[in-house]
Amino acid sequence: MLKRNRELILPTRGRAPGFRVELRGVVLSLIATGSWTVREAATLDRELNSLILPIPPSSEFTGEVDVSHVEQLDTAGAWLLHRTVQAWSAHGIGTQFVGARENHSILLDEVVRRAGAMQPAPGKSNALVRLLADAGRTFSELGRDAVLLTNFLGSLTTVLGRVIVRPWRFRGVSFVHHVESTGLRAVAIVSLTCLLVGAVLMQQGALQLRDFGAEALSINMLGVLVLREMGVLLTAIMVAGRSGSAFTAEIGAMKMREEIDAMRTLGIDPMETLVVPRVLALVITLPLLTFLGDMMCFLGGGLVAVFYLGLEHAAFLERLHDAVSLRHFAVGMIKAPFAAIVIAMVGCLEGMKVKGSAESLGIHVTSAVVKSIFLVIVLDAIFAMFLPGLGL
Amino acid sequence: MKNRRETFGPPEVVIRIDGLSKRFARQVIFTDLSLDVFRGEILGIVGASGGGKSVLLRCIAGLEPIRDGAIEIFGRDVDKLTRLEQLDMEARWGVLFQDGALFGALNVLQNIQVPMREHFDLPQNVMDELGYLKLAMVGLPGDAAHKYPSELSGGMRKRAGLARALALDPEIVFLDEPTSGLDPIGAAEFDALIAKLQRTLGLTVYMVTHDLDSIFGVCDRVAVLADRRIVRTGSPDELRSNPGHPWIRDYFCGERARAISA
């Protein structure tokens, strides 16, 4: 045991670039030097952690952290010093700061006052529980979505009825604008996609059927498949990705800026001004685009038939003419307006569901595209079950 | 507080803007704009809406290319820095954007730790402790740490944004309209917070503001941006007693300014 009041300097193991530890009599001091900033914090933290106190816990010793030689001090450095004071005090050696200059002592005081506010992160529940909860939420949302969509269809129908009774309330300009943006401006991309898919269908069909010597039958397959399914499905998916998402984004942005609420306070029905023109525009344009898509698929198939398979173009046209009938064309076209209603409704409904933030807009645009494509395919499957029953 | 600089001898210039010109397409924003910012002061930038206050801040922070002139920070021309020097410089200043500009995918604590993670290799427990410390210093409760920006009020987002701007103990902080959108009580608290942090951390504060209360409450010096350049600088009282420019007279001697000085 050391005697009190004896000025004895014991060099200890504590020696690092930013500090040294000395034991003078009964006073253990950490003398901080140089720069104690966030740049050095990693090194200082490591050195301080590996410091072993050379004395046992005892009330006979006191500790001090001497900051008079510190040149630069920031919050990180002040916190490391404060932590040392705390650790030594917890070890049983009452410790305090000494020698702080005025500008440093303001910061040290602030850090001492503010430190220790740490709060544990809220615990995460069991993974299995979370999975089940997620699944439950998803299903209940699915149900709620179905209710909402039905509700939306109902109010759309009433508003449409109102517009038929009072046609002057119909927003003609908006309607024409949406016909242009969903129809005319989609011509290029729908044409190109259908041209390529038609060409691939023809080429793959011919390659597969060649082994059976039935190469020419690939034209029949192209004709029926394109008219009944591919044309309308491809076009609907393109339009869902292009216009359905645009509807959500437009209406959602208006919802975010409270424009929809402003409309309501001005006595304007958003259903009438925003939803009806969009739904009607898409009901007009999607069948037209489907027709264009059908023709482009045939063009693509025809190009492959003539230039790749070496058929006469007259032979291709004759074969195609024999293979398809108006029945096939009607089956495809009948589905287009229904797909249009689904896409436009889902797009508008998702837009209406947008809440204040930009993240919410992004989430709803994504879900509009996913839901409308999914519903278009479900619709197609339902038609595939019922139409044969009608002899189509 | 107002005489702080005298204790350090001649004032050290930390930001020097010299002959800055800037235009968007055909619209001229600044012509021959010059401004010095001294170490340890709270400088308020005032000017008409759409007059380029925020653009000037973006120019200094290196977010907008400049056309003519030079911007020097800590005596270095910011246009002539290498990539590494630029990174090093960016750790020496922090920016608080108008709505905090917190990363929406991260919680408040993680937001504060982003600059620490980017610039230094600190252990997680040290970063956690420092994160909570910064939170407490900007006056946010500890349970805000695990919240996401969308769950915070506007005032809390600004405080969290300030905590992130201060994460590396920068020498300069740029504040873009720190009190806009806050109620008068929140705005006064935020002003007091800025003044206190400025004293504690020895910050240089560059504050774009509209708020007369902030100007008279915390600013040491005010620079007035009008006619595409800085037309005057001086203490708020100097500018009020001797405006010398029609816009400054309208601003400092208008109805609202009189109400504050009364």
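Me: How many helices and strands does the secondary structure of chain A come to?
Reply: The model is a predicted one. Within it, the secondary structure of chain A comprises both element types, and the count is twelve helices and five strands.

Me: Why is chain A said to be more spread out than a compact globule?
Reply: For 392 residues the globule rule gives 21 Å. The C-alpha atoms of chain A fill a box of roughly 115 × 65 × 40 Å along the principal axes.

Me: How far apart do the C-alpha centres of domain 1 and domain 2 of chain A lie?
Reply: The domain assignment of chain A places domain 1 at residues 9–114 and domain 2 at residues 148–390. Between the C-alpha centres of these two domains of chain A, the distance is 72 Å.

Me: Which strands of chain B stand at the edges of the open sheet?
Reply: Six strands of chain B form this sheet with mixed pairing, in the order β6-β7-β8-β3-β9-β10. The twist from one strand to the next averages 20°. Two strands have a single partner each, so one side of each is left without a neighbour in the sheet: β6 (93–96) and β10 (229–234) of chain B.

Me: Which residue in β8 of chain B stands opposite B:Leu43?
Reply: Strand β3 (residues 42–47) of chain B pairs with strand β8 (residues 204–208) of chain B in the parallel sense, over four bridges. B:Leu43 is also one of the residues that B:Met207 touches. The residue opposite B:Leu43 in β8 of chain B is B:Tyr206.

Me: At what angle to β6 of chain B does helix α5 of chain B run?
Reply: Helix α5 (residues 154–165) of chain B lies across β6 and β7 (172–176) of chain B. Relative to β6 of chain B, the angle of helix α5 is about 165°.

Note on methods:
Residues are numbered from 1 along each chain as its sequence is written. Chains are lettered from A and ligands numbered from 1 in the order in which they are written. This is a predicted model: local features need pLDDT of at least 70, side-chain atom pairs count only at pLDDT 80 or more; totals for chains, interfaces and linings use all residues. The radius of gyration is taken over C-alpha atoms; the globule rule is 2.2 Å times the number of residues to the power 0.38. Two residues are in contact if their C-beta atoms, placed from the backbone, lie within 7 Å. Two strands pair if DSSP finds at least two bridges between them. Axes are lines fitted to C-alpha atoms, for helices over the stretch in contact, and angles run from 0 to 180 degrees between N-to-C directions. Domain bounds come from an automatic or database domain assignment. Lists of a residue's contacts leave out its neighbours within four places in sequence.
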